Amino acid sequence: MNHSAELVIREAAASDREAIAGVLLEAYSEYAAVLPEPFWAEYRDSILGSVHGDAPVSRIVAELDGQIVGSVLLFTSSEAAYGRPELGIHTPIIRLLAVSPAVRGRGVARLLIREAAERAVALGEASLNLHTSDMMASAIRLYEGLGFKRAYETDLKNGDTLVKGYRLELPVSAGPHAEPASTARITG
């Protein structure tokens, strides 16, 4: 059965943090099976710390029929995102992009990234950064399909894992007048 539903992309309210944490843990739990338990526990704690901390400049959510089904966090720098000023990233970084498995494949992640990019442009920034690893192959395909390019100089190591830096050059000329992603229609 095919039906249309309204997807709203919006800034999260403080009361949305538990729902965001739930979507993140649901989406990222697939990595619990491939990561050694201590690494998964550390990763899970980092996810929850980011959701409940004050470091993100923006918490963007995707809401479908009144339920949060996706989110992404936007940070102003590598220091704010990771506590790593030595990476030298002084433009926005997205972290913890997550979409509920039940609605994957419908463009929700693309809309969340687009909104984050528009907010970065509104801040007067010329690029948007992110980090990921090879275990997130489908995410890497999405990022590359959206125009993100490898930013090797921002790579970092997490234990034995190479965490790859990516950067999207933004259309500075779009300025703060870029059309927000606020609502969209998806089918499913």
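D54 is exposed, with a relative accessible area of 71%. This residue sits in the loop between α2 (37-52) and β2. The structure is a predicted model, and the protein has 188 residues, 47% of which count as buried. The points below go from the overall layout to single residues.

**Overall layout**

- The protein has five helices and nine strands.
- Read from the N terminus, the order of elements is β-α-α-β-β-α-β-α-β-α-β-β-β-β.
- Take the contacts between residues at least 6 apart in sequence: 65% of them join residues at least 24 apart.

**Confidence**

- The average pLDDT of the protein is 86.
- A score of at least 70 is reached by 89% of the residues.
- Confidence is highest in strand β6 (residues 149-150), at a mean of 97.
- Confidence is lowest in strand β9 (residues 183-187), at a mean of 39.
- Over residues 174-188, pLDDT stays under 50.
- For that stretch, residues 174-188, the model has 41 contacts beyond four places in sequence.

**The nonpolar core**

- In soluble globular proteins, nonpolar side chains tend to be buried together.
- Here the largest nonpolar core has 56 residues.
- Y28, I94, L112, L128 and F148 have the most contacts inside this core.
- Helix α4 (residues 108-122) gives the largest share of this core, with nine residues.
- F148 is in contact with I94, I113, L128, L130, Y143, Y166, R167 and L168, leaving aside its neighbours within four places in sequence.
- Two of those partners, I94 and L128, are also listed with F148 among the residues with the most contacts in the core.

**The largest pocket**

- A probe the size of a water molecule, rolled over the atoms, shows where empty space is left.
- The largest pocket holds about 1300 Å³ of space.
- Its lining has 47 residues.
- Y28, Y43, H131, T132 and M136 lie nearest the centre of the pocket.
- Strand β4 (residues 93-99) supplies the largest share of the lining, six residues.
- By class, the lining of this pocket has 26 nonpolar, 11 polar and 10 charged residues.

- Most residues other than glycine have a negative phi.
- D65 has a phi near 50 degrees, a positive value, and is not a glycine.
- D65 lies in the loop between β2 (58-64) and β3 (67-75).
- Is D65 buried or exposed? D65 is exposed, because its relative accessible area is 60%, over the 50% cut-off.
- L96 also has a positive phi, about 55 degrees, although L96 is not a glycine.
- L96 is found in strand β4.
- L96 is buried, because its relative accessible area is 7%, under the 20% cut-off.

- D54 and A80 are 26 residues apart in sequence, and their C-alpha atoms are 9.3 Å apart in space.
- D54 also touches R17 and R59, not counting residues up to four places away in sequence.
- A13 is found in the loop between β1 (4-11) and α1 (17-28).
- A13 has 36% relative accessibility, so A13 counts as partly exposed.
- A13 and V61 are 48 residues apart in sequence and 9.3 Å apart in space, C-alpha to C-alpha.
- F39 belongs to helix α2.
- F39 has 43% relative accessibility, so F39 counts as partly exposed.
- From F39 to N158 is 119 residues in sequence but 9.7 Å in space, C-alpha to C-alpha.
- G145 lies in helix α5 (residues 137-145).
- G145 has 55% relative accessibility, so G145 counts as exposed.
- G145 and R110 are 35 residues apart along the chain, with 9.8 Å between their C-alpha atoms.

Terms used: Residues numbered from 1 in each chain as written. Predicted model: local features only at pLDDT ≥ 70, side-chain atom pairs only at ≥ 80, totals over all residues. Heavy atoms only, no water. 1 Å grid on protein atoms, 1.4 Å probe; cavity = no way out; pocket = protein on both sides within 12 Å on 5 of 7 lines; lining within 4 Å. Points joined across faces, edges and corners; volume = space filled by probe spheres on them. Helix = DSSP H or I, 4+ residues; strand = E, 2+ residues; numbered from the N terminus. Nonpolar A, V, L, I, M, F, W, Y, C, P; charged D, E, K, R; others polar. Buried < 20%, exposed > 50% of the residue type's maximum accessible area, 1.4 Å probe, protein only. Core = buried A, V, L, I, M, F, W, Y, C linked by side-chain atoms within 4.5 Å. Contact = heavy atoms within 4.5 Å. pLDDT = per-residue confidence, 0-100.
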